[in-house]
Amino acid sequence: MSFFHYLTIGRFEFVEEEAPPNLTQRVLDHFTPGGLKRLGRAFHIIEPFKRKEIKEIEEEVQRRFGLELDLGEYLREDGLLQIMYLDHAGFESFAEHVALVASERFGAIACDRGHVYGPAKIKEMSQALIVRDIERKRLAQIDNGAERIREIIKAVQRPIEDPKWIAIGFARQAAQRAQTGAIPELINSLRHPNKFVRMFAGCALRDIGEPAKEAIPVIMNLLKDPDFEIDSTAVEALGTMGTEAESCLLLALEHKDSFISYTAIGALGNLGVLSESGLSKLRKIAKQRTEDGKAARESLAKISGSMS
């Protein structure tokens, strides 16, 4: 399942004098492939946002939340706004605030993955985002690197419904400049029972790069453990740790999880230089007419480019 969520915000104008009883399904059909064709445009239409209205939303979001936005890039051809609002890998979120303003000013609703959100839910989502922003700023202000990382780990593993939960992207932002002082804490977190903590640790080690190469033997042991679910970010981090990580990545190529082995192929390319044994394994994979084969060919091209 993808971690990415897109909040789609829009208005709907009904031909009928009253909204039909199956309003929810009719709205949802706007967000599914072929939905409008199945339903028929005669029953209801989207009332597109005008550029003047988009500008009004931008100005109010800036006034109320201090965010300077250009919503034009999120405006679809059918007049709906579609903005990424939740993920675990790392985007700045503002969709909830846009949805709140659009709801208050223009009666818009929001939709995500089969759920329609009305004014009350949109307001709740916007308020939760404010709390999370405050928590992120608090974490970023902790001077002691190891303490900050420990506090971030607590926030990452909270339930998503908790207003003080923070996504991986927010966690990475809060961890900046603290990571190098907390490498042992991050390495220990690669074994954490919470998958989002493991993901954060891998991302943070990847951000640090070669100074975190003491993580290599730990990741090697985790790859050898058949009962442990290692996160792919730990394998991706190996690609930033220099040539000492090659043997670990070659082991990852044999992992039972196909996504781990796929990630290792790309990480090998990021090393820039490989032994003849490593090159031989990549060349063998590159002959396949698969996604792995394509990734191996790209890695070989990257290595060839770095050596020329």
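**Close-up views of a predicted helical protein model**

Of the 308 residues in the protein chain, 50% are buried (buried means under 20% relative accessible area, exposed over 50% and partly exposed in between, with a 1.4 Å probe and protein chains only). This is a predicted model, where local features need pLDDT of at least 70, side-chain atom pairs count only at pLDDT 80 or more, and totals for chains, interfaces and linings use all residues. Residues are numbered from 1 along each chain as its sequence is written, and side-chain values use heavy atoms, with hydrogens and water left out.

**View 1. The whole chain, to get your bearings.** The protein chain holds 15 helices and 5 strands (DSSP runs numbered from the N terminus: helices are H or I with at least four residues, strands are E with at least two). Take the contacts (heavy atoms within 4.5 Å) between residues at least 6 apart in sequence: 67% of them join residues at least 24 apart.

**View 2. Helix 3 and the residue that follows.** Helix 3 covers residues 51–65, 15 residues in total, and reaches 21 Å from its first C-alpha to its last. That is close to the 21 Å expected at 1.5 Å a residue (the expected span is 1.5 Å times one less than the number of residues). Look for its buried residues: E53, I54, I57, E58, E60, V61 and F65. Just after helix 3 comes G66, with a positive phi of about 70 degrees.

**View 3. S126, a buried serine in helix 5.** Helix 5 runs over residues 119–140 and includes S126. With a relative accessibility of 2%, S126 counts as buried. Leaving aside residues up to four places away in sequence, S126 touches F65, E96, H97 and L100.

**View 4. Helix 5 against helix 6.** Two packed helices are described by the angle between their axes and the distance between the axes. Here the angle is about 160 degrees and the axes are 9 Å apart (axes are lines fitted to C-alpha atoms, for helices over the stretch in contact, and angles run from 0 to 180 degrees between N-to-C directions). Helix 5 and helix 6 are therefore roughly antiparallel (angles over 145 degrees; under 35 is roughly parallel, 65 to 115 roughly perpendicular and the rest oblique). E135, R138, L139 and A140 of helix 5 meet R148, E151, I152 and A155 of helix 6. These contact residues divide into 4 nonpolar, no polar and 4 charged (Ala, Val, Leu, Ile, Met, Phe, Trp, Tyr, Cys and Pro count as nonpolar, Asp, Glu, Lys and Arg as charged, and the others, Gly among them, as polar).

**View 5. Helix 6 against helix 9.** Helix 6 (residues 145–156) and helix 9 (residues 195–208) pack at about 140 degrees, with 9 Å between their axes. This pair is therefore oblique. I149, I152, I153 and V156 of helix 6 touch F196, V197 and F200 of helix 9. By class, this contact has 7 nonpolar, no polar and no charged residues.

View 6. How many of the 14 residues of helix 9 are buried? The count is 12, so helix 9 is largely enclosed by the rest of the structure. Its cover includes helix 6, helix 7 (168–175), helix 8 (183–189) and helix 11 (232–238). F196 and D231 lie 35 residues apart in sequence and 9.0 Å apart in space, C-alpha to C-alpha.
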